[in-house]
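Here is a short briefing to read beside the model. Please keep the structure open as you go through the points.

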Amino acid sequence: MNNTTVRPFGMRDKLGYAMGDMGCNFSFQLISTFMQLFYMQYIGIRTEDYAVIILISKFWDAINDVLIGNLVDTKRIGKKSKYMPWIIIGGATLIIFSVMIFAPVKDFDYWAKYVWCLISYCLWSVSYTMINVPYGSLHSVITDEPQQRTSLSTFRSIGAALPAVIVMMVLPNIVYSESVAPTGEKVQNLKGETLLPVAVVMSVLAFVVLWAMTKLVKERVVRENTGESKMGLQSFLSAFKSFFTNRAMIGATIATIAQVALFNSTLSLNNMVFQYFFKDTSKIMFAMVGSYLPMIVMMALVGKLTARFGKKAVCAVSTLVSAIAGLVFVFVPLQPNTFGMALYIVALMLINTGGCTFQITVWAIVADCIEVSYHKTKKSEEGSLYALYSFFRKLSQGIGQAVVALSLGLIGFVEGEGAVQPAGFGERLEKLYIILLTIGSVVAYLGIQFVYNIGKKEEEGFKKEAEKIEAKQ
């Protein structure tokens with residue numbers, strides 16, 4: 001890393017990198033939280049059909065990750081940066097396709113609604129990948145110092161949190177309304193027509209924040225590529241081999257699959273718990289306490305903890321705590337009252353401890369995995385390796401959302417605007433959500449503890465190597 005010709009790593013880079021994930025999540029959080037609800041509750045797509053849509057679109061999404069990762073590595077379209085032009089193009093097109101997803105097509109014929117949902121989500125996925133793959137690859141070239149990478153990962157999580165707060169605390173007051181059923185029971189209804197203007201605002205904000213990021217972040221690490229860098233099968237096979245001979249990358253990917261499929265992709269269930277179990281969507285904001293208090297606490301502690309114990313140990317212990325808490329709360333009966341809501345929030349706090357810790361550190365973990373690959377192969381494959389990692393993230397999103405849709409069908413969910421759910425649906429829904437989070441915690445723990453193999457000793461080796469390179473320069 002050459003610091004003689006560029007400014008030193010500092011707060012400007014951290015804030016800029018945080019803006020990158022903030023921009024991504026203005027769109028991603030909206031899609032992951034409300035798209036499923038929009039199509040099933042407002043547009044009227046059946047649960048089993050939605051599951052098929054998600055699996056097809058996510059398989060395509062995973063493939064375009066690899067294609068775009070290869071493009072980023074082999075086709076430099078900007079003079080000053082390998083990554084920034086792709087991010088700007090993706091951010092601009094994201095506006096168009098976000099609007100398409102939430103277009104009011106409920107009066108279309110059923111097959112037309114089905115095709116519209118599939119095509120619009122596939123197009124949105126291409127735009128999002130154009131942002132996310134180069135943005136994720138950027139992490140490994142801003143700095144090569146492990147603790148600085150951890151700070152970038154922490155700030156990335158901070159950036160992701162603001163859109164999540166807006167989606168979870170502000171939007172429920174806009175997109176839900178309350179009515180009284182003929183039985184006299186209060187019913188929470190999704191106002192699907194409000195999501196189109198919301199999508200416009202959120203996607204424009206995403207573009208503005210991403211543009212700001214490109215002005216703040218500096219690329220410092222220059223990779224000397226001693227291998228070939230050609231687009232096509234040869235390049236893909238090289239990166240494929242590097243990925244699957246990297247044990248640390250495989251362990252991180254296993255934990256990521258659990259995190260994405262059974263934590264991130266189940267966010268819509270939390271909204272539905274308040275809609276159908278507690279019957280008060282205005283209280284969704286209190287779920288933010290359970291979801292993000294552990295995040296805030298770990299943001300303050302994770303730097304010191306990982307510096308002392310290493311990322312592997314910190315993530316393994318926290319995911320084990322989450323797994324144990326989840327197993328306990330699966331068997332704790334909750335009532336749809338204030339005390340039951342308080343217990344539910346406590347459960348989310350404990351179960352999310354591991355998920356939040358992993359989410360804060362995962363990008364530094366992936367950067368370390370890429371570092372291992374570079375030292376082993378001497379090939380500059382950041383974009384392709386991150387794209388392969390992202391491939392499995394995207395598959396996980398599809399699997400998770402399909403599992404959610406099919407599980408809702410199994411517990412009796414009735415789709416369509418104003419549909420009445422069967423007796424006991426809310427209770428089954430609440431247990432379903434806790435069970436999925438618990439399974440995610442268990443699998444994440446196994447991946448980190450028994451497969452991932454970059455411990456504190458190896459992290460210190462990265463730091464010493466970086467210091468040697470700086471001394472030579």
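## A walk through the helices and a cavity

Thr338 is found in helix H13; helices here are DSSP runs of H or I with at least four residues, and strands are E runs of at least two, numbered from the N terminus. This is a predicted model, in which local features need pLDDT of at least 70 and side-chain atom pairs count only at pLDDT 80 or more, while totals for chains, interfaces and linings use all residues. Residues are numbered from 1 along each chain as its sequence is written, and side-chain values use heavy atoms, with hydrogens and water left out.

**Helix H13 and its ends**

- Thr338 counts as exposed, at 67% relative accessibility; the classes are buried (under 20% relative accessible area), exposed (over 50%) and partly exposed in between, with a 1.4 Å probe and protein chains only.
- Thr338 and Phe278 are 60 residues apart along the chain, and their C-alpha atoms are separated by 8.7 Å.
- H13 covers residues 338-377, 40 residues in total, and spans 57 Å from its first C-alpha to its last, close to the 58 Å expected at 1.5 Å a residue; the expected span is 1.5 Å times one less than the number of residues.
- A kink of about 45° in H13 is centred on Thr361, where the bend at a residue is the angle between axes fitted to the seven residues ending there and the seven starting there.
- Most of H13 is covered, with 28 of its 40 residues buried.
- At the start of H13, a side-chain oxygen of Asn337 comes to within 3.3 Å of the backbone nitrogen of Phe339. A polar contact is a pair of N or O atoms within 3.5 Å; within protein, one must be able to donate a hydrogen and the other to accept it, and residues adjacent in sequence count only if both atoms are side-chain atoms.
- After H13 comes Lys378, with a positive phi near 60°.

**The largest cavity**

- Four cavities of 30 Å³ or more turn up in a search of the whole structure. On a 1 Å grid over the protein atoms alone, a cavity is a set of points where a 1.4 Å probe fits but cannot get out, and lining residues have an atom within 4 Å of a point.
- The largest cavity has a volume of about 570 Å³; grid points are joined across faces, edges and corners, and a volume is the space filled by probe spheres set on the points.
- Its lining is made of 34 residues, and Phe28, Gln29, Gln259, Asn264 and Gln359 lie nearest the centre of the largest cavity.
- H13 gives the largest share of this lining, seven residues.
- The lining of the largest cavity divides into 15 nonpolar, 15 polar and four charged residues. Nonpolar covers Ala, Val, Leu, Ile, Met, Phe, Trp, Tyr, Cys and Pro, charged covers Asp, Glu, Lys and Arg, and the others, Gly among them, are polar.

- H3 (residues 84-101) has 18 residues and reaches 26 Å from its first C-alpha to its last, close to the 26 Å expected.
- The kink in H3 is about 30° and is centred on Leu94, which is one of the buried residues of H3, along with others including Trp86, Phe97 and Ile101.
- H4 (residues 110-142) has 33 residues and reaches 48 Å, first C-alpha to last, close to the 48 Å expected.
- H4 has a kink of about 30° centred on Tyr128.
- Because 26 of its 33 residues are buried, H4 is largely enclosed by the rest of the structure.

**Single residues to look up**

- Asn246 sits in the loop between helix H8 (233-244) and helix H9 (247-262), and is buried at 6% relative accessible area.
- Asn246 and Ser373 are 127 residues apart along the chain, with their C-alpha atoms separated by 6.8 Å.
- Lys279, in the loop between helix H10 (267-277) and helix H11 (284-309), has a positive phi near 55° and counts as partly exposed at 29% relative accessibility.
- Ser318 belongs to helix H12 (residues 311-330) and is buried, with a relative accessible area of 7%.

Note on methods: 1 Å grid on protein atoms, 1.4 Å probe; cavity = no way out; pocket = protein on both sides within 12 Å on 5 of 7 lines; lining within 4 Å.
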